[in-house]
Amino acid sequence: MNEAAASATRWQQLRSSSVGDAARLVWRKAVHRTVHMGRFGTPTSASTPPERPCELTIEVWGPDRFDDVLPNNPHLTVDDIEHFRRQQSRVIVITDGDRIPASSWMTNGSVYVHELQRHLEVPRTEHFSCRSYVDPDYAGRSLMSHMIHHYSTLQPDGDETWGLVYDWNVASVRSLERIGWRRSGDYWTSYWFGRKSGGERRYPPKPPTTI
Ligand SMILES: CC(C)(COP(=O)(O)OP(=O)(O)OC[C@H]1O[C@@H](n2cnc3c(N)ncnc32)[C@H](O)[C@@H]1OP(=O)(O)O)[C@@H](O)C(=O)NCCC(=O)NCCS
């Protein structure tokens, strides 16, 4: 959505809401809001395979095939692909004949996290997971878990795979907890009158909450 359309939508939202709702909307949009995500991860050597077997083919592709994934993942933009090319990145894909029903990215270096609107520095021994997607036709087969576990088995012992997940994304949290990922931190970006500030907190891995 362009800025003019977004602004019209915000105005329509304001007009159709009650005074209390409008005040809350203004507070959230113009005064203060925080985007908050949980850090989940595991040492690569501790990744555990999903219970269900995967009947489809899993491959890890380099930059020469990044463009093939773009039309098959609605959560991916041309900008993402450019970022991935500049970083040390790989894409894990599941293929079914000519189809690419699932894909998931791993990257490191100076990683731009769209959700937090800021960069994170991810060392070479860490693999930052993002933009995982499974076509709804293929849901219920643990494909996200399979892709990430498969990738982890190919990395050196001592490395870590991790990523950031919204609390409401139960399917993701469950897919990750099923292969041994645990929550070990929080990342957030707060906005006060349009001014952005980021923070993070790390703690020992917590017990799973979805399995
Ligand atoms: C998240 C996503 C990749 C998972 O796809 P998937 O691998 O097909 O996941 P599954 O359908 O096998 O579900 C995994 C588990 O979560 C459970 N689950 C799925 N949706 C759920 C929901 N809305 N609430 C609670 N549990 C849910 C499933 O029952 C399954 O549990 P099980 O292992 O006990 O059977 C997929 O839903 C997706 O593409 N979402 C949109 C993009 C996204 O959120 N990406 C991840 C960003 S971190």
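This is a predicted model: local features need pLDDT of at least 70, side-chain atom pairs count only at pLDDT 80 or more; totals for chains, interfaces and linings use all residues.
A residue is called buried here if 20 or more other C-beta atoms lie within 10 Å of its own, with the C-beta atoms placed from the backbone.

Let me begin with the chain as a whole. Its secondary structure comes to six helices and nine strands, and its C-alpha atoms fill a box of roughly 55 × 40 × 35 Å, taken along the principal axes. The radius of gyration is 19 Å, which agrees with the value near 17 Å that a compact globule of 211 residues would have. If we consider contacts between residues at least 6 apart in sequence, 68% of them join residues at least 24 apart.

Now to the ligand. There are 18 residues around it, and those that come nearest are Val-134, Met-144, Val-170, Ala-171 and Arg-174. Two or more residues of this shell are given by each of β6, at 126–134, α5, at 143–153, and α6, at 170–178, with α6 contributing the largest share, namely six residues. Sorted by class, the shell has eight nonpolar, seven polar and three charged residues.

Next, two backbone details. Arg-131, which is found in strand β6, has a positive phi of about 55 degrees although it is not a glycine. Is Arg-131 buried or exposed? With 20 other C-beta atoms within 10 Å, Arg-131 is buried, since the cut-off is 20 or more. Ser-142, in the loop between β6 and α5, likewise is not a glycine and has a positive phi, in this case of about 60 degrees. Ser-142 too has 20 other C-beta atoms within 10 Å and is therefore buried.

Finally, I would like to turn to strands β8 and β9. Strand β8, residues 182–192, runs antiparallel to β9, and eight bridges join the two; as one example, Trp-188 has Gly-199 in β9 as its bridge partner. The hairpin that they form has two residues between the strands, and in it Phe-193 takes a positive phi near 50 degrees.

Notes: Residues are numbered from 1 along each chain as its sequence is written. A residue is near a molecule or strand if its C-beta atom, placed from the backbone, lies within 6 Å of it. Helices (H or I, at least four residues) and strands (E, at least two) are DSSP runs, numbered from the N terminus. Ala, Val, Leu, Ile, Met, Phe, Trp, Tyr, Cys and Pro count as nonpolar, Asp, Glu, Lys and Arg as charged, and the others, Gly among them, as polar. A residue is buried if 20 or more other C-beta atoms lie within 10 Å of its own, exposed if 12 or fewer, and partly exposed in between; C-beta atoms are placed from the backbone. The radius of gyration is taken over C-alpha atoms; the globule rule is 2.2 Å times the number of residues to the power 0.38. Two residues are in contact if their C-beta atoms, placed from the backbone, lie within 7 Å. Two strands pair if DSSP finds at least two bridges between them.
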